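Trainee: Could you take me through this one slowly? I would like to learn how to describe it.

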Amino acid sequence: MTSGLFARHRHGDADAEPGLVDFAVNVRGGPPEFICDALAGRIGDLAHYPSISDQEKAITAVATAHDRSRDEVLLLAGAAEGFELLPRLAPTHAALIQPSFTEPELALRSAGVPISDVVLPPPWELAPDAVPDSADLVVLGNPTNPTSVLHPVSAVDGLRKPGRLVVVDEAFADITLDVSTGAGEPASIAGTRADDVIVIRSVTKTFGLAGLRAGYLLAAPDIIAQLAVGRRPWPLGTLALTALTECLGPAGRRHARVQAEVVATERAEMVAQLTAAGIEVCAAPSASFVLTAMPNALEIKERLRDKGFAVRSAANFVGLDDRHIRLAVRDPQTTRSLITAIDEVREELGT
Ligand SMILES: Cc1ncc(COP(=O)(O)O)c(C=O)c1O
């Protein structure tokens, strides 16, 4: 029953069965109404192929939001597509900062790229010296899924060296906030021009659009050109282009900012509730999820399912094990109901 939980390609959506309270998938509720309206307004256009004008609008929205030039933007059918394109850069040795999202490994491995895992010990502070010198491609998640750790810009910069490309997966960056200063996206380097850095972003998490497949990548124009060679025509549909234009436009950026504040508040409450219940929070979280560790975690996960809750085992992440459970941040009342259920299960198990 639990053996599939160790498969590298498994994601939280496999746990979020209909009818369960979903703590497994890191997607916020949504999409917000203004996005729904914009998408609904385009249904009548679906007889046409996605237009150059829709593509241009989305590129302009992304470039404007990050203060980049238009030729530094590549639109993606979800951040996941960005990993799939990386082998086009012909890396000879990829280093993956672990634990982290498993798709970069799967994409690079299936293209035959040699890989080294750089496994950080808890609390998963970035150690640039641990990256092999020969790595000409380094992939880092910031904030990292599933640890929720946010690495400072200085540490990310430490990964750079001549002859190397650094890929930063910022799929959750739009939900980050410096709670002491109120600054949004405190560790994002999306707005930084550098020839050796690729930033991959998603709109599927914060805007509740996982089913649509929309994201983008920011890099130097010559890297964008290499990544785009041989790509199929119309890689993004009209609705995905419309969503990107809206998410990166003024209303979208306001929405992300509000979501970041909501997440910060709900996450603080969640950490307090978990800690009070004696559940280990593995590292100070900065994203819309919290990594926990508990004895008998797999058994607890199974029993929580019977009680109506879906949680994500993090056993299939490199560097983590069957004690680790990742919880999506939810409102305090929903979190309270989960913790009550965990307490009941722990009592049943005598742990
Ligand atoms: C860290 C991370 N990066 C990228 C992705 C993929 O995002 P998208 O839905 O935009 O393909 C995910 C999805 O779970 C993720 O967790």
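Trainee: Which strands does helix α8 lie across?

Mentor: Before I answer, keep in mind that this is a predicted model. Helix α8, which covers residues 250-276, lies across β9 and β10, and its direction makes about 15° with that of β10.

Trainee: What is the strand order in the sheet with β9 and β10?

Mentor: The order is β9-β10-β13-β12, an open sheet of four strands in which the pairing is antiparallel. β9 (280-281) and β12 (312-313) stand at the edges with a single partner strand each, so one side of each has no neighbour in the sheet.

Trainee: And how many bridges join β9 to β10?

Mentor: Two bridges join β9 to β10, the strand of residues 289-293, and these strands run antiparallel.

Trainee: Okay, switching to the seven-stranded sheet: what order do the strands come in?

Mentor: That open sheet reads β2-β8-β7-β6-β5-β3-β4, and its pairing is mixed. The edge strands, β2 (73-76) and β4 (115-119), each pair on one side only. If direction is ignored, neighbouring strands in this sheet are turned by 20° against each other on average.

Trainee: Which helix packs on it by touching β2 and β8?

Mentor: That is helix α2, residues 52-66, which touches β2 and β8 (215-218) and has a direction that makes about 120° with that of β2.

Trainee: Then β6 and β7: parallel or antiparallel?

Mentor: Strand β6 (residues 165-169) and strand β7 (residues 197-202) run parallel, and four bridges join them. As an example you can look up, Val 166 has Val 197 in β7 as its bridge partner.

Trainee: Back to α2 for a moment. How do its axis and that of α7 cross?

Mentor: The two axes come within 8 Å and cross at roughly 30°. Angles under 35 degrees count as roughly parallel, and α2 and α7 are therefore roughly parallel to each other. Their crossing is left-handed.

Trainee: Which residues of α2 and α7 meet there?

Mentor: From α2 there are Asp 54, Gln 55, Lys 57, Ala 58, Ala 61, Val 62 and Ala 65, and from α7 they meet Thr 238, Leu 241, Thr 242, Leu 244, Thr 245 and Leu 248. By class, this contact has seven nonpolar, four polar and two charged residues.

Trainee: What about α1 and α7, how do those axes cross?

Mentor: The axes of α1 (residues 33-40) and α7 (residues 238-248) come within 9 Å and cross at roughly 145°, and α1 passes α7 in a right-handed crossing. On the α1 side the contact is made by Phe 34, Ile 35, Ala 38 and Leu 39, and on the α7 side by Leu 239, Thr 242, Ala 243, Glu 246 and Cys 247. The residues of this contact divide into seven nonpolar, one polar and one charged.

Trainee: And why would you call α9 and α10 oblique?

Mentor: The axes of α9 (residues 297-306) and α10 (residues 332-349) come within 10 Å and cross at roughly 120°. That angle is the reason that α9 and α10 are described as oblique to each other. Their crossing is right-handed, and the contact has six nonpolar, no polar and three charged residues.

Trainee: New topic: which residues are closest to the ligand?

Mentor: The closest are Gly 78, Ala 79, Ala 80, Ala 171 and Ser 202, out of 13 residues that surround the ligand. The shell around the ligand divides into five nonpolar, seven polar and one charged.

Technical notes: Residues are numbered from 1 along each chain as its sequence is written. This is a predicted model: local features need pLDDT of at least 70, side-chain atom pairs count only at pLDDT 80 or more; totals for chains, interfaces and linings use all residues. Axes are lines fitted to C-alpha atoms, for helices over the stretch in contact, and angles run from 0 to 180 degrees between N-to-C directions. Angles under 35 degrees count as roughly parallel, over 145 as roughly antiparallel, 65 to 115 as roughly perpendicular and the rest as oblique. A crossing is left-handed if the near helix is turned anticlockwise from the far one by less than a right angle, and right-handed if clockwise. Ala, Val, Leu, Ile, Met, Phe, Trp, Tyr, Cys and Pro count as nonpolar, Asp, Glu, Lys and Arg as charged, and the others, Gly among them, as polar. Two residues are in contact if their C-beta atoms, placed from the backbone, lie within 7 Å. Two strands pair if DSSP finds at least two bridges between them. A residue is near a molecule or strand if its C-beta atom, placed from the backbone, lies within 6 Å of it.
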